[in-house]
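Please read the briefing below alongside the sequence and the coordinates, which are shown next.

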Amino acid sequence: MAHVIDDETIEYVGILAKLELSEEEREQAKKDMGSMLDYIDKLGELDTTDIEPMSHVFPVQNVFREDVVTSGDMREQMLANAPQEKDGMFVVPKTFEG
Amino acid sequence: MEKQYETVIGLEVHVELATKTKIFCGCSTAFGGAPNTHTCPVCTGMPGTLPVLNGQVLEYAVAVGLATNCSITRYCKFDRKNYFYPDNPQNYQISQLYLPICRNGHVDIETEGGVKSIGIHEIHMEEDAGKLIHDEWEDVSLVDYNRSGVPLIEIVSEPDMRNAQEVIAYLEKLRMTIQYLGASDCKLNEGSMRADVNLSVREVGSTELGTRTEMKNLNSFRAITRAITGERERQIELLERGESVVQETRRWDDAREVSYAMRSKEDAQDYRYFPDPDLVPIQLDDAFIERVRAGQPEFREEKMERYRREFDIPDYDTRIITGSKHMADLFEATVELCHQPKKVSNWLMGETLRLLKEREMDPEDIRFTPAHFAKLIDLTERKVINTTVAKEVFEEMFDRDVDPEGYVEDKGLKMVGDGNALRKTVEEVIAANPQSVADYRGGKEKAIGFLVGQTMKAMKGKADPASVNQLLKELL
Amino acid sequence: MTDKEITGGVAREILAYTAVELGKAIHEGKVTAVEAMEAVFKQIERKEAEIHAYVTIDKDTALQKAAQIQKRIEAGELQGSLAGVPVAIKDNLCTEGMRTTCSSRILENFVPTFSAEAVSRLEEAGAVIVGKTNMDEFAMGSTTETSAFGVTKNPWNTAHVPGGSSGGSAAAVAAEECFFALGSDTGGSIRQPAAYCGVVGMKPTYGTVSRYGLVAYGSSLDQIGPLAKDVTDCATVLEIIAAHDAKDSTSMKREDVDFTSALVEDVKGLRIGIPRDYFGEGLDTEVKSAVLAAAKVLEQAGAVVEEFDLSLVEYAIPTYYTIAAAEASSNLERFDGIKYGYRTADFNGLHDMYKKTRSEGFGAEVKRRIMLGSFVLSSGYYDAYYLKALRVKALIKQAFDAAFARYDVILGPVAPTTAPGLGESLADPLKMYLGDIYTISANLAGLPGISLPCGKDGRGLPIGLQLLGDCFQEKKLIQCAYTYEKKRGPFGLSV
């Protein structure tokens with residue numbers, strides 16, 4: 001099955017991924033994504049009925065922290081890389097809720 | 001004939017858990033720090049950081065699940081919910097979609113029509129977002145990540161409620177249960193309990209669900225009630241006009257009593273959930289669940305039963321006292337010390353409730369200790385102080401948790417127990433007020449009240465009015 | 001501090017040491033940590049303009065630290081085998097106070113407030129950081145050409161790529177611009193550049209080295225590992241960085257991390273499997289014969305070598321790209337111009353800021369994978385793509401379990417060819433992805449793998465031999481690799 005990625009799909013994925021593509025990039029992205037998906041379709045050849053999806057390779061389970069405070073005031077460090085800060089906070093464009 | 005509509009309501013309730021630290025890092029969850037002072041690389045989403053689950057979060061979540069009759073998911077995982085918003089530092093929220101910790105529970109609420117069971121679809125664990133503050137001077141917003149990563153459970157009900165009264169009863173029930181567990185203080189006004197209302201309407205008799213909307217930003221029971229009424233009306237109006245309800249998230253503006261859609265073309269509402277590869281699965285065994293079950297407290301219904309058996313106090317008092325876990329604890333601990341359930345209850349029903357109202361406080365905010373409370377009751381019982389003084393001392397204790405004994409001592413508020421001193425004062429009062437004495441002797445019983453007052457005044461309040469009264473009668 | 005002027009000749013002598021040899025020489029007082037660092041900077045002066053292995057170099061700090069370390073060595077406080085040895089760190093590993101860019105414009109000015117656990121462990125052992133090495137942007141690529149800060153060139157032939165994504169680390173070791181380096185391996189990103197640059201690279205079992213401080217690409221696949229001059233260095237470095245870390249939930253508690261104990265020249269009875277599927281179409285004939293010759297060497301040394309069918313090999317790449325892209329799309333969401341990194345200059349509102357920042361900050365390959373990853377996770381496609389890939393991953397793991405029931409080590413090539421020429425790979429991404437075919441499965445199945453040189457092609461470019469082991473069986477790999485290295489004799493570096 002050959003995947004044809006349309007403008008709408010690229011637009012939608014752009015909204016999800018917060019990426020804005022130029023006309024040229026968009027055409028390239030349509031082509032690349034189409035061929036990658038064609039390639040990924042190869043997985044369809046395999047029968048995976050009754051196979052559990054494996055997200056972790058090892059059966060490591062139950063890793064917990066104790067409920068103990070381990071960090072103090074690190075505000076200065078946390079803000080050190082901020083493109084814009086004000087009054088100890090990160091500045092962002094005005095949000096809907098304000 | 002006019003169509004009759006039924007409202008169908010389900011709730012998504014977020015509860016901030018009372019852990020000391022955040023869900024995935026060792027930052028404090030304490031309220032009120034200066035912005036971003038309770039943050040670290042993990043909860044600000046610095047590159048290279050990884051989450052590690054706070055075990056207490058799991059315990060609280062399981063405890064709430066058991067208390068709401070849920071089945072506990074033995075093998076559960078965390079998933080990432082992906083969406084961009086500045087309050088969400090990683091731009092994904094770690095939550096649970098595929099295998100939530102609790103499922104298929106219910107709680108019983110009391111309604112006008114009797115007891116009703118409200119189904120709980122699931123409870124899942126997740127992290128809270130930071131806070132966005134609108135800057136007053138510039139057209140920008142500011143982000144404070146102190147709340148980012150504070151542990152939450154989200155309790156998702158079935159669409160089993162039909163009106164605002166049931167919704168409030170359900171919320172009260174959840175709040176009480178969770179407070180009893182000590183898993184959260186559940187304050188709507190401070191945001192440690194938040195409810196989103198999913199509401200649809202349908203014609204009475206229909207079994208199909210209508211299209212629902214989700215209402216956010218409801219931070220009081222009043223707001224919830226008004227939002228339900230408002231949304232019901234809005235949806236019915238749409239349907240009556242032949243239009244259809246759009247499935248969407250709406251924001252309630254309680255000041256203006258209207259809601260508006262939070263839609264944006266930039267919000268695809270496609271969260272691309274997938275298991276978080278940075279966190280390992282949780283496998284719970286019977287021993288763990290039994291340990292949490294064994295730690296469950298006596299809940300309100302059982303407590304009321306027991307109060308009825310053990311204490312001779314009015315049912316009304318029992319309801320009020322057990323309505324707050326903190327007040328019930330205070331009551332029981334104080335009774336344990338002074339063995340005067342009735343007196344303790346009276347103080348709680350009277351002065352305590354009065355002061356709570358006056359100070360605009362919740363019962364959970366009561367600060368005085370059972371030891372001090374018991375001492376105060378003891379002082380009044382032994383007639384060391386009289387009722388008027390006791391109320392004054394109580395207020396001091398309520399506000400600053402003073403030790404009543406020390407306070408009475410320091411301020412010299414003890415009643416004068418010396419019979420001779422009192423007798424002498426009474427004799428002086430009789431001598432100084434011949435008119436009143438004559439009135440009393442002439443049959444005006446009330447005149448004695450004036451003489452009691454004069455005596456108390458002369459004793460600077462430190463006498464037992466009953467004894468004064470008795471002595472006056474004797475001498476007259 | 002030393003007063004000795006490091007002359008070209010002395011520097012040459014120092015640079016010829018392996019990391020372990022240098023550590024020994026420092027302990028014996030033959031060389032100081034400062035002299036070693038000065039030798040490295042001399043070499044950097046000679047080579048770096050041509051090779052461009054580094055994104056960031058901080059000479060002053062490096063020399064200062066070397067002096068401090070030297071004092072501590074002299075005071076007897078540092079006795080480890082790598083104390084005073086200069087190390088290069090891949091630029092996706094956080095270094096406190098030192099810029100960490102992931103070779104991306106979006107992190108161009110990002111200075112971490114903490115160091116990656118693996119980096120801290122090396123520093124505690126006395127290793128001294130030379131600088132941060134170039135890489136494919138966010139480790140997405142196989143050539144180090146997707147870096148926002150220029151390409152790194154293969155020290156053996158500068159018309160060729162060093163491989164990737166840890167190309168800067170591999171090139172720095174090969175060009176003697178450091179004594180060893182750290183890299184990260186998500187689909188072969190340590191092993192393949194090691195092969196292209198003629199050095200030894202190892203990806204340990206998933207969970208062996210803490211990922212804390214590694215800027216994530218594909219979280220379920222990423223592992224940190226060493227790139228070194230020989231197997232001994234490789235085992236020594238791994239022994240230092242392998243440790244359970246409470247900050248990484250996927251970190252494993254292992255008892256058997258005394259990897260240097262496996263530096264034994266003996267493969268008698270070792271069962272080596274050669275997957276026929278790794279020697280089919282697409283494999284360069286020179287690579288093929290060099291790898292098979294290496295197998296012969298091991299067989300002659302007493303190993304039992306046998307061909308077998310691994311199966312599912314052709315499914316590894318689509319499985320890998322689905323999973324890695326999905327995880328990457330989520331991992332890279334945090335780069336949004338708010339907390340750190342690049343923010344676009346002109347924007348109209350929040351979403352415009354997000355889009356412009358990310359579109360300007362990320363390069364083409366990163367965007368391609370984010371788009372693919374967002375798509376395979378999106379509503380309606382999750383089951384068909386993402387879950388399907390996780391199921392195939394389970395099958396691939398089963399295939400390896402079956403193989404390791406019969407063999408101790410799986411032997412094969414690292415890559416189908418030797419290092420491609422500059423600019424040859426990026427034109428066709430899918431073709432570039434196909435080059436990962438032999439390395440990718442180890443990441444999907446969590447297996448350890450080592451890459452070491454086993455020959456050169458007609459143009460003099462190194463050929464890599466890959467040995468894969470079952471989970472937690474690094475020692476078998478190290479012993480096998482060490483034995484081969486001894487039998488093979490010195491390979492030499494590019495200089």
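**Strand pairing and packing**

B:S71 has B:R103, in strand 7 of chain B, as its bridge partner, strands being DSSP runs of E of at least two residues, and helices runs of H or I of at least four, numbered from the N terminus. This is a predicted model, in which local features need pLDDT of at least 70 and side-chain atom pairs count only at pLDDT 80 or more, whereas totals for chains, interfaces and linings use all residues. Residues are numbered from 1 along each chain as its sequence is written, and chains are lettered from A and ligands numbered from 1 in the order in which they are written.

Sheet of chain B
- Strand 3 and strand 7 (residues 102-111) of chain B pair in the antiparallel sense over 2 bridges, where pairing requires that DSSP find at least two bridges between the strands.
- The open sheet of chain B has 9 strands in the order 3-7-8-11-1-12-13-14-15, with mixed pairing.
- Strand 3 (71-72) and strand 15 (258-261) of chain B each have a single partner strand, so one side of each edge strand lacks a neighbour in the sheet.

- In chain A, strand 2 (residues 85-86) and strand 3 (residues 89-93) run antiparallel and are joined by 2 bridges, with A:M89 as the bridge partner of A:K86.
- These two strands of chain A form a hairpin with 2 residues between them, and A:D87 in the turn has a positive phi of about 50°.
- Strand 3 of chain A also runs antiparallel to strand 10 (residues 140-144) of chain B, joined by 4 bridges, and A:V92 has B:S141 as its bridge partner.
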